[in-house]
Amino acid sequence: MGARLALESSAARLVGRLSRAAGRGGGTTLPGKLVWKLDPGALELLAGRLPQGVVLVSATNGKTTTTAIASSILGSAYRLAWNNSGANLASGVTSTLLAADGAELGLLEVDEFALPEMMRRTRPRAVCLGNLFRDQLDRYGELEHIAERWRDAVAELPPETTLVANADDPLVATLPEGRDRVVLFGVDDPRRARPALQHASDSKYCVRCGHPYRYDAAYVAHLGAYRCEMCGHARPALDVAAREIEPDGLDGVSFVLHAPSGSARVRLAVPGLYNVYNALAAASLALSLGIALDDVAAGIGRFSAAFGRFERFAVPDRSVLLVLIKNPAGANEAIRTLEDGGVPPTLVVALNDRIADGRDVSWIWDVDFEPLLERADRIVVSGERAAELALRFTYAGFPLERLELVAGLEDALDRGLELTPAGGELAVLPTYTAMLELRAIATTRGLTRPYWEDDDA
Amino acid sequence: MILRVGHLYPEYLNIYADRGNIAVLTRRAEARGHELTVEPVTLETALVSGAHDLLYIGGGQDREQAMIAPDLAERAGAIRESVEGGAALLAVCGGYQLLGRGYRGRDGSWLEGVGLFPHETVAGDTRMIGDVLLESTLPEGRGRTIAGFENHAGRTVLDDGAEALGRVVAGYGNDGSSGFEGCRVRRAVGTYLHGPLLPRNPWLADLMLSWAVAHGTGDEPEPLAALGDELETQAHAVAAERARRRGGRPA
């Protein structure tokens with residue numbers, strides 16, 4: 001590292017410590033922002049000093065969990081520079097690389113809008129592309145525009161970069177076409193397919209000719225085994241697949257991981273088919289870096305939960321299951337997983353509308369909340385747009401007398417716990433900023449670790 | 001009575017939670033002893049003028065809108081005749097644009113519309129995104145406000161003398177400069193506002209329903225019996241406050 005960058009780096013790290021000391025949250029992006037200002041070329045230099053290079057992970061849904069599973073696998077082979085705080089824009093990535101003295105491999109979760117720039121600037125060894133769903137139209141614009149930006153950036157990648165991509169997502173599966181180093185993953189277990197495409201499914205028309213796809217198996221929204229009867233475009237052959245998937249309530253799921261080098265049954269400690277996709281993405285990425293299948297399976301087995309994503313914490317006599325919801329596809333899968341594993345009788349659902357949540361709250365009407373509404377006894381709605389949630393649920397037929405509106409998140413959590421019988425579990429479904437606030441409350445009460453605790457230990 | 005709703009292209013135009021508007025119409029009709037039947041009108045189905053008491057058309061992504069636009073243009077006659085015959089119609093966002101005379105793309109291309117609303121839309125360079133608050137300019141909505149969310153690149157310019165849905169209190173509106181939002185022709189209302197529109201603006205839902213009832217009976221529209229609407233009022237107040245605080249400003 002050059003003298004100038006070294007000086008800037010130590011100044012920026014100091015800012016991060018000061019920011020934490022001043023109690024201004026995690027201080028996770030401030031050092032990066034500072035270096036960004038001082039030297040916009042720093043990212044290339046910081047990425048370039050990692051002896052094993054950089055891998056990037058992006059998707060609309062699951063990028064935090066995928067990266068966390070990948071860190072569980074790769075962490076025993078390499079010292080990682082990993083942005084585990086979820087700071088996934090250029091400034092957060094820069095902060096992570098700054099703080100990672102002695103790291104060998106960069107494992108970076110990247111926001112889908114920031115991905116093209118990160119791909120150009122870090123010359124990644126591998127890029128893992130999970131899925132594209134409709135998300136925060138007010139912020140990201142339409143799905144096709146994101147896909148186009150990804151396509152352009154993929155075309156500029158050096159030929160030695162490996163593309164790890166979800167074959168089950170029609171838009172994503174076409175991105176690596178024509179490249180040499182490609183790993184395609186997908187689910188192959190028709191027993192776990194959904195009977196029909198959900199309301200909010202996005203890429204249901206052929207990416208080549210526009211004819212509706214026929215799904216031999218639809219697993220998560222539009223992810224599945226698709227084919228077009230008009231032009232013949234179909235899901236490509238899978239290099240890495242999940243088969244014989246066995247759910248285990250809300251505690252987890254196991255499946256057989258099939259890879260070119262063999263197969264192994266793996267157990268994942270978070271439930272749901274969409275987490276199987278996350279584990280597949282992480283496994284494919286690790287396999288592409290040369291990690292042995294047994295080590296991949298062991299790494300998946302060690303993973304617990306990424307923060308706020310089916311994260312469980314204990315309170316006296318009860319437990320709380322924190323389930324982030326942020327867009328229709330992600331929320332639908334969380335709900336499906338709760339439905340399969342058993343819906344707790346009391347739910348807290350919290351809707352905020354800050355930038356990170358999406359200012360446009362109309363997406364809650366595209367979420368299929370109905371399976372929860374049919375099974376829950378009591379629902380507490382909370383957050384800045386609690387009244388909109390209340391309307392969503394009552395217009396769906398949920399009785400007003402079993403619904404409570406408690407605006408403050410802490411009060412809503414306590415009310416939910418009060419309604420939960422001793423020994424029972426409360427499910428809390430918050431949007432992103434509500435999740436952060438609820439987690440902060442849990443941390444203050446000594447129930448969880450703050451997420452920046454191991455940031456630059 | 002049974003109110004017959006025709007939902008245009010629900011598989012293609014559903015981007016902004018359009019089913020929320022349908023859910024509100026259904027429940028509020030039910031609360032007054034009416035039954036709403038919703039029939040999808042899509043690429044393979046026929047649209048007979050006058051067969052529906054209310055037509056609904058939502059918005060889609062560019063790709064989906066381009067897929068249905070030629071089919072919609074072929075139904076222009078049936079849609080205009082239905083509205084001439086007193087049917088209610090609600091068009092949101094993309095559907096609102098497509099029911100005008102047409103859409104001028106950034107490359108100069110012209111997409112022919114239905115010609116129901118007296119307006120033309122031109123693609124802009126930037127999107128107009130944010131919370132919106134309107135003061136209704138409908139004679140039936142005197143003193144009422146409408147709160148919603150807009151997200152559109154098109155600038156919709158009303159013809160001189162055309163009737164808008166409301167005056168913009170906060171937000172961009174039709175084109176970001178005229179100070180007006182939406183358009184109204186007889187019992188047809190078009191708007192960029194989603195959120196969705198009807199849950200937090202229940203009076204507008206009831207107005208549409210009273211028009212649908214009037215089409216069914218052939219009588220003049222009668223106001224519907226009031227409902228409690230506490231949650232609706234609360235949601236409206238929060239959305240209105242958002243628009244005042246952070247809605248887009250006309251350029």
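Start by selecting α11 of chain A: this helix lies across β10 (252-259) and β11, running at about 10° to β11(A). Helices (H or I, at least four residues) and strands (E, at least two) are DSSP runs, numbered from the N terminus. The angle runs from 0 to 180 degrees between N-to-C directions, with axes as lines fitted to C-alpha atoms, for helices over the stretch in contact. What you have open is a predicted model, where local features need pLDDT of at least 70, side-chain atom pairs count only at pLDDT 80 or more, and totals for chains, interfaces and linings use all residues. Residues are numbered from 1 along each chain as its sequence is written, while chains are lettered from A and ligands numbered from 1 in the order in which they are written.

**The sheet.** Now show the strands of chain A. Nine of them form an open sheet with mixed pairing, in the order β2-β3-β1-β4-β5-β6-β9-β10-β11. β2 (80-82) and β11 (262-268) are the edge strands, each pairing on one side only; strands pair if DSSP finds at least two bridges between them. From one strand to the next, the twist averages 15°. Zoom in on β4 (residues 126-129) and β5 (residues 162-166) of chain A, which pair in the parallel sense over four bridges. There, C128(A) stands opposite V164(A) in β5(A).

I69(A), S72(A) and I73(A) of α4(A) are in the contact, with residues of α11(A) including V296(A) and I300(A). Contact here means C-beta atoms, placed from the backbone, within 7 Å.

Next, pick α6 (residues 115-122) and α8 of chain A, whose axes come within 9 Å and cross at roughly 10°. These two helices are therefore roughly parallel to each other. Among the residues making their contact are M119(A) of α6(A) and W150(A) of α8(A).

**Towards chain B.** Bring in the second chain. The contact takes 19 residues from chain A and 23 residues from chain B. On chain A, α7 (137-140), α8 (143-155) and α14 (386-395) each supply at least two residues, and α14(A) gives the largest share, six residues.

**Last stop.** Color chain A by pLDDT, the predictor's confidence in each residue, from 0 to 100. The mean is 88, but pLDDT stays under 50 over residues 451-457.

Conventions: Two residues are in contact if their C-beta atoms, placed from the backbone, lie within 7 Å. Angles under 35 degrees count as roughly parallel, over 145 as roughly antiparallel, 65 to 115 as roughly perpendicular and the rest as oblique.
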